Amino acid sequence: MARYFFDLHNGEGPTRDEHGTELKSREDIPREVTRILLDVARDELPATDRMTIAVTVRDERGEPVTVASLVFSNEWLDMLR
């Protein structure tokens, strides 16, 4: 098992994961990233019309492995007329 760190970047600024999560393999990273992004989106959206939520994953050495993001955009159609 390897430990990965999931740093969150959202409307409140960056939050560095100091504890990490042990995963069986690198292939488990997308599932964990998806869980984090959906949890944050559920809590924070739609507080604003536009928001990007991103998670940067670091390995045990602190090296970035991957980054994933979720972009929310809401446009009021009646305001465009």
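Trainee: Let's start with Asn10. Buried or exposed?
Mentor: Asn10 counts as buried, because its relative accessibility is 12% and the cut-off for buried is under 20%. Keep in mind that this is a predicted model.

Trainee: Okay. Which strand is Asn10 found in?
Mentor: Strand β1, which covers residues 2–10.

Trainee: And what does the side chain of Asn10 make a polar contact with?
Mentor: With the side chain of Glu44, at 2.6 Å.

Trainee: Which residues is Asn10 in contact with, leaving aside neighbours within four places in sequence?
Mentor: Val40, Glu44, Thr52 and Ile53. So Glu44 turns up both in that contact list and as the polar partner.

Trainee: Zooming out. How many strands are there in the chain?
Mentor: Five, plus one helix. Along the sequence the pattern reads β-β-β-α-β-β.

Trainee: What about the radius of gyration?
Mentor: The chain has 15 Å. A compact globule of 81 residues would come out near 12 Å. The C-alpha trace spans about 55 × 20 × 20 Å along its principal axes.

Trainee: How much of the chain do buried residues make up?
Mentor: They make up 35% of the 81 residues. The chain exposes about 5,900 Å², with carbon and sulfur atoms supplying 51% of that.

Trainee: Last topic, charge. How many positive and negative side chains?
Mentor: There are 11 positive and 17 negative ones. The centres of the two sets lie 3 Å apart.

Note on methods. Residues numbered from 1 in each chain as written. Predicted model: local features only at pLDDT ≥ 70, side-chain atom pairs only at ≥ 80, totals over all residues. Heavy atoms only, no water. Helix = DSSP H or I, 4+ residues; strand = E, 2+ residues; numbered from the N terminus. Rg over C-alpha atoms; globule rule 2.2 N^0.38 Å. Buried < 20%, exposed > 50% of the residue type's maximum accessible area, 1.4 Å probe, protein only. Areas by Shrake-Rupley, 256 points an atom, 1.4 Å probe, with all protein chains shown as cover. Lys, Arg positive; Asp, Glu negative; His and termini not counted. Charge placed at Lys NZ, Arg CZ, Asp CG, Glu CD. Polar contact = N/O pair within 3.5 Å; in protein donor to acceptor, adjacent residues only side chain to side chain. Contact = heavy atoms within 4.5 Å.
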